[in-house]
Amino acid sequence: MSETTETIFSKIIRREIPANIVYEDELALAFKDISPQAPVHIIIIPKKPIPKLSDAGSEDAVLLGHLLLTAKRVAEEAGLTNGYRVVINTDADGGQTVYHLHLHILGGRQLTWPPG
C-alpha cells in the first residue's frame with residue numbers, strides 16, 4: 001500500500017475546507033465538484049484514506065461496494081434518471097490528480113465515448 005499523504009479531500013472530511021456536501025454517512029462523503037465537467041459532477045470519497053484504487057486491498061471490499069451503492073443513491077437524488085457515468089481515475093496515466101481514492105459522478109447531458 002502506498003504511503004498516505006494529506007490531501008484536499010482529507011481536509012474536506014475534517015471540515016477544514018468548505019465543500020457543497022450532498023451526502024454523508026459513516027464511510028463516505030459526496031460533494032459537488034468545484035470545476036464541473038458536466039452539468040452534474042459530484043465527487044464521492046471514502047473517509048478511509050486510500051490513495052488510489054490500485055492501493056485497495058481485499059479488506060476494502062465492503063467499502064468499495066459501499067462507494068458504488070453511494071454513487072447510485074447520489075445519482076438518484078441528483079435526478080439523473082436518463083443515465084450517468086461513474087469514473088475512477090487511477091494514477092498519472094489515468095488522470096488522477098488528488099491521491100485519495102474518489103469516484104466522479106457525471107451526468108445531466110449526453111456523454112460521449114471514448115471519454116478521453
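Q: What makes A30 the bridge partner of Y23 in β2, and how are β1 and β2 joined?
A: In this predicted model, Y23 has A30 as its bridge partner in β2. Two strands pair if DSSP finds at least two bridges between them. β1 and β2 are joined by three bridges and run antiparallel, so they count as a pair. I21 stands opposite F31 in β2, and three residues lie between the two strands of this hairpin.

Q: What joins β2 to β3?
A: Five bridges do, and the two strands run antiparallel. In β3, A30 has I44 as its bridge partner.

Q: Why are β1 and β4 said to stand at the edges?
A: The open sheet has five strands in the order β1-β2-β3-β5-β4, with antiparallel pairing. β1 (21-24) and β4 (84-87) each have a single partner strand, so one side of each has no neighbour in the sheet. On average, neighbouring strands are turned by 20° against each other, direction ignored. Such angles are taken between N-to-C directions, from 0 to 180 degrees, using lines fitted to C-alpha atoms, for helices over the stretch in contact.

Q: What makes β2 largely enclosed?
A: Four of its five residues are buried, so the rest of the structure largely encloses β2. Buried means under 20% relative accessible area, exposed means over 50%, and partly exposed is in between (1.4 Å probe, protein chains only).

Q: Which strands does α2 lie across?
A: α2 lies across β1, β2, β3, β4 and β5, and runs at about 155° to β3.

Q: What makes a group of residues a nonpolar core, and which members touch the most others here?
A: A nonpolar core is a set of buried Ala, Val, Leu, Ile, Met, Phe, Trp, Tyr and Cys residues joined through side-chain atoms within 4.5 Å. The largest one has 16 residues, and A30, I42, I44, L67, V74 and I105 touch the most other members. The largest share, five residues, is supplied by α2. A second, separate core has eight residues, including F9, I12, I13 and I43. In soluble globular proteins, nonpolar side chains tend to be buried together.

Q: What does V74 touch?
A: Not counting residues up to four places away in sequence, V74 touches V22, Y23, A30, I42, I44 and I105. Here contact means heavy atoms within 4.5 Å.

Q: Why is T70 called buried?
A: Its relative accessibility is 3%, so T70 counts as buried. T70 is in helix α2 and touches Y23, D25 and I44, leaving out residues up to four places away in sequence.

Q: How do you know that H102 is buried, and what is recorded for this residue?
A: The relative accessible area of H102 is 6%, so this residue is buried. H102 is in the loop between β4 and β5. An unreviewed UniProt entry annotates H102 as "active site"; such annotations may be inferred rather than shown by experiment. Leaving aside neighbours within four places in sequence, H102 is in contact with F9, I43, I44, I45, V87, I88 and Q96.

Q: Why are R15 and D91 called partly exposed?
A: R15 has 45% relative accessibility, so R15 counts as partly exposed. D91, at 32% relative accessible area, is partly exposed. R15 is found in the loop between α1 (8-13) and β1, and D91 in the loop between β4 and β5.

Note on methods:
Residues are numbered from 1 along each chain as its sequence is written. This is a predicted model: local features need pLDDT of at least 70, side-chain atom pairs count only at pLDDT 80 or more; totals for chains, interfaces and linings use all residues. Side-chain values use heavy atoms; hydrogens and water are left out.
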